[in-house]
Every structure is written in structure tokens, then in C-alpha cells.
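Opening the notebook on this one. I want to look up the annotated spans first, and then go through how the chains meet.

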Protein chains: 2
Amino acid sequence: MKIVCIGSGNVATHFSNAFKSAGSELVQIWSKNPEHAAELAIKTGAKPIADLKEIDNNADVYLIAVKDDAIEEVIAQLSAVKGMIVHTSGATDIDVFPATIAKYGVLYPLQTFSKHKAIDFNQVPLCIEAKDEEILKSLKSIALMLSPLVYEVNSEKRRILHLSAVFACNFVNHLYTLSNEILQRNELDFEILRPLIMETAEKVQNAFPVDVQTGPAIRNDEQTITKHKELLSNMPELKDIYETLSKSIKKTH
Amino acid sequence: MKIVCIGSGNVATHFSNAFKSAGSELVQIWSKNPEHAAELAIKTGAKPIADLKEIDNNADVYLIAVKDDAIEEVIAQLSAVKGMIVHTSGATDIDVFPATIAKYGVLYPLQTFSKHKAIDFNQVPLCIEAKDEEILKSLKSIALMLSPLVYEVNSEKRRILHLSAVFACNFVNHLYTLSNEILQRNELDFEILRPLIMETAEKVQNAFPVDVQTGPAIRNDEQTITKHKELLSNMPELKDIYETLSKSIKKTH
């Protein structure tokens, strides 16, 4: 199978590697930054292109992995391609594709990708949606080459998944950042917290988080909560977050 | 080494198992709930006791793993014991021990324990503090029997660690709960989010969270943020948390 990858960021990089590992041929990589395209092209054996006019119209899949607000513009330049065009965005509906395009779909990876961290693509949930049933069927077989975790999800539900991922990933990472801020201010090393962070994530792999909540708020341990708020008196923003989340825990339980 | 365990909850259970695995003898388990004491005693080969007056005064270590507000009361009943008394609380200072006690210290596990999930104690950071240098030295060798991750931490810093753990564990788990709430309202399964949760925790095992932050807030993607707030319009509490944390991410970066 011949793949053209449009984009050269984290999502583009990890998809390109996954397609290559699955035995597909990366024919071209496009990026608005020619150096980025060249860098990813070297790694994957593809040809870097700097202009979408140079695109090979005979590939099987055109994977769009660019910023959300650039997707529409990219699609407008792909009117002559014969293969299936897919975007990879959680927050972009399928109707970003005009009906004039023959084969299109969405291949949204519900995962967080980092430039310098390899990922086991077998653990990446892939959410698929397509123009029609037939295209969905072929998109599904393409997705299954990359990961066994393939889910059919329409645009409305994909938006919801993306939103819930903001809570479970982006906001969670920010809480890690805040806890490190507290440690640093007191000359303590983040290293000591890492096993707790792993265990907290592992606990909910076989349980629902609501059933494994711990800490002072769920115990209504007002004495500890008061002490913690005192410790945060010189960090008003963190104190506010502490109060908001403690209140929310009490309300949930 | 002979251990008496005072308490029968999650911390008491995991410590008892760890001591047993390390070759120590669990001689007695006390709990204010005799059934709980009996249950843990059967598993560890200890004798359950219902009254602290029955305590064996000749053990080497008396591990207090009861609720924070019961620690002082328990200590008051241990005046005749000859071994080292340690409490396991993150939020309780070492000065909860009266100076009349010969050997005392703190053995605080910076980890979250669940009743039905086994834990690799080799991955549990143990924070130790003791009455004097000599006792600290023996407490350190005891702690090293259980885990290689032993840190000397005074009461002031232990309070800080406990506070940062509330952010990195308790609040994080609550964000998992909120993301599941969003999914459930829309008939989506939490299963699909679990790989993302693991990867988010794994990413910070070899990086600082501030360096791997992703999501709409750090990208200043106002279009997506507005869409998300609309999706949360019927969940005002979650909308409030979304706004608070997005604002905090922008401020940090």
C-alpha cells in the first residue's frame, strides 16, 4: 500500500513509522517546513515535497496530519488524487471534506504522541469514520494493520472523546506540572513522585476511577485540607485549584 | 525481625505483606474492628488482637497504620513496648511522639494502595524520619528490606510531599472520573481512554511534565476551547474546572 503523509509533526511521524512497520510504502512526505519534511522523509524512505502540486495522485492513502485550522486548505489542494483522503483530528468533523471528493474518512488516534518517545502502536485506539459504508470497510482494514484497537466513532462522539481526553491527558499532565512546582519550591525532586503517578494510572486500567478515589477530600478530612491550604497560601492559583477539585470530589462521592 | 501491625486497612495490609515477603515475622495485628484484624492475621500468620493491652512488648517494630486522628491515641497505649514505634502518615509530624518513648520514627510510603490490587513494593518510595541518628540508621536498614527507594525526609518536607501527592494522585484520579462522566453521558466506554491514561503517566517517567504538555490550552487553540466549553454547557461544574485548568496551563507556559 502506498501512503502519502501530509504533515511532519508528532502525529505524522508516529503514523509514518507505524505504516512503515506494517509494510506500507511511504511515497511522499509534505510539510510547509521543507526541512521537517526532509527529516521525516529520510527516516521513512519517502520523497519530501514542499509543494502540494507535486503530490503523487496514485497513492492509496493520503494522511492529513496538520494543525486543525489548516485541514480545509490542504483538502482543497487534493482534488485530483485518486486514493482515500483521511484526516487525523479529534476536533474536526467529517464534513470538512466536500462531497466532490470520492473517498474520504477520519483516522483519529486517541493517544498523546511525543517527538522523542517511541510508542507501541498496538496500544493506540484508532477511531474511524468514513464517507460511506464501503470506504469505512477499507479504512477499517487499513486501521487494523496499525492497531487492534479500532473503534467506529462518528464526528459527534469524536468531539466528546477529544474533550474527555483533554481532562484525562492534558489536564492530568498539568496537575503533574503543578505538583512538581510545589516540590521544586521546597527543594524536593520530582523523581520521588514518579512511582505514584504510574500506580495512579495503572489502578484505573482494571477499575473505574470513581471506585478507587483516595485522599483527604473523599475522607472529609478537614484537618488535612486546612493544613494543605495553609501550605498553599503563597501560591494562590494552586490554592484555588486545590479548593475547586476538592469540592468537586466531595460532590461526586 | 518481629513486627506488630497496628491497623488493618490498605496501608497495614500492604506493609504486612511486604514485611512477610522480606522474611520478617508478623507477630500481632491489631484493629479496632476484630474481624478485620482476624482477616489480615490469617493471611500473614499473625495473631489478631482486639485490645492494645494485649500487645507483645518484645517485638522489634510497631507499625502504626491507622487514621491520622487516631495515631496519638494509639501511641499513648504503647508506653511499655521496647521496640521501635513508627507511624506511616504523610500528614502527621514526628512530634506526635512524646519524648518519653525510647525509639520512634516515621515510615511514610509515597504510594496509593488499593485493597484488591497487588503492588510491587520495590517501586514504593519510603520516606523515613527518626528520633535520632542511630534510630534513623536502623529504620533505614528496615526500610531497605522493603524497597530500594528510601528517602530521608523531615516532617516539614513530608507535608509538602503529601500535598504534591494530592495533586499528582488524588486530583488526577478525579480528572479520570470526570472524563468518564463525560463519556458515560454520551454512551462511550471508559475502555477507549485507558491507553491514553497510561501513556500520559509513562511520558513523565523520563521527562518533566512541563516539557511534554499538549492540548488546546498550550496551543492557544481558542476555537477548540470554545467548542469544548459549549459541549460542557450542561455540566457547569466541569466547565468551571475546564476554564480554571486551561487558564492555569496558559499561565504556566
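**Annotated spans**

I started with the record: UniProt has the annotation "domain: DUF2520" (unreviewed entry) on residues 124-249 of chain A. UniProt positions are given in the numbering used here, feature names are shortened, and annotations may be inferred rather than shown by experiment. Before going on, I note that this is a predicted model, where local features need pLDDT of at least 70, side-chain atom pairs count only at pLDDT 80 or more, and totals for chains, interfaces and linings use all residues. Residues are numbered from 1 along each chain as its sequence is written, chains are lettered from A and ligands numbered from 1 in the order in which they are written, and side-chain values use heavy atoms, with hydrogens and water left out.

I checked the make-up of residues 124-249 of chain A: 63% helix and 6% strand, with the end C-alpha atoms 30 Å apart. Helices (H or I, at least four residues) and strands (E, at least two) are DSSP runs, numbered from the N terminus.

UniProt also lists "domain: Pyrroline-5-carboxylate reductase catalytic N-terminal" (unreviewed entry) for residues 2-85 of chain A. I get 35% helix and 24% strand for residues 2-85 of chain A, and 12 Å between the end C-alpha atoms.

**The interface**

I looked up contacts (heavy atoms within 4.5 Å): 87 residues of chain B touch 87 residues of chain A. About 8600 Å² is buried between chain B and chain A, 68% of it on carbon and sulfur atoms; this is accessible area (1.4 Å probe) lost on putting the two parts together, summed over both. On the chain B side, B:F167, B:F171 and B:I192 lose the most area to chain A, together 8% of what that side buries.

In chain B, α5 (155-185), α6 (194-203), α7 (222-231) and α8 (236-252) each give at least two residues to the side that touches chain A. The largest share, 26 residues, comes from α5(B).

**Symmetry**

I superposed chain B on chain A with a rotation of 180 degrees and 0.0 Å of shift along its axis, RMSD 0.0 Å, fitting by least squares on the C-alpha atoms of residues with pLDDT of at least 70 in both. That is the relation of a two-fold axis. The same surface serves both copies, since 100% of the contact residues of chain B recur in chain A.
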